[in-house]
Amino acid sequence: MKRGGGVSGAVSLVMIFCVLCLAVFAVLTIATADREAKLTAMTAQNAADYYASDREAVARVAAIRSGGTVPDGVEIYEGRAAFSLPVGENQTLYVEVDTGSGDILRWQTAYTGSWEPDNTMTVWDGQQE
């Protein structure tokens, strides 16, 4: 007489494999959602920082165009007014305005943080040893 338990062992192995796959996918999904939440918060903060600096720059440009007193931090040279405002920790908004026509000549953000190269990885210099 044969025992009929051979197929149920294979089904159990497939079921264990499926449960492990689902657990791995669940962990990957949670990790991805956490990274996306952090990226979203960082993007929102960067946008808020930029628009705060942008609002201040627009007010300064309006004061320059009105011809009244020159706002603090504005340098005037050769018919141009220039100033810069920090945008967060690592960026600066540079603005330059033509004082005669009031045209905006420069409205640019630039990275001003420090950068240090990672020299921990040995890179092949093209010569054989």
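**View 1. Alanine 82 of strand 2 faces its bridge partner in strand 3, glutamate 96**. The model is predicted; local features need pLDDT of at least 70, side-chain atom pairs count only at pLDDT 80 or more, and totals for chains, interfaces and linings use all residues. Residues are numbered from 1 along each chain as its sequence is written, and side-chain values use heavy atoms, leaving out hydrogens and water. Strand 2 spans residues 80-87 and strand 3 spans residues 91-98. They pair in the antiparallel sense over 8 bridges. Strands are DSSP runs (E, at least two residues), numbered from the N terminus. Two strands pair if DSSP finds at least two bridges between them.

**View 2. A glycine with positive phi sits in the hairpin of strand 2 and strand 3**. This hairpin has 3 residues between the strands. Glycine 88 takes a phi near 70°.

**View 3. Strand 3 also pairs with strand 4**. Strand 4 covers residues 104-111 and runs antiparallel to strand 3, with 7 bridges joining the two. Glutamate 96 has arginine 106 as its bridge partner in strand 4. In this hairpin, 5 residues lie between the strands. Glycine 102 takes a positive phi there, near 80°.

**View 4. Tyrosine 50 and tyrosine 51 form an aromatic pair**. The count comes to 1 aromatic pair (rings of Phe, Tyr and Trp, its six-membered ring, with centres within 6.5 Å; planes under 30 degrees apart are stacked, over 60 edge-to-face, the rest tilted). The tyrosine pair is edge-to-face, at 5.2 Å centre to centre and 75° between the planes. Tyrosine 50 counts as partly exposed because its relative accessibility is 23%. Tyrosine 51, at 51%, counts as exposed. Buried means under 20% relative accessible area, exposed over 50%, and partly exposed in between (1.4 Å probe, protein chains only).

How values were computed: Helix = DSSP H or I, 4+ residues; strand = E, 2+ residues; numbered from the N terminus.
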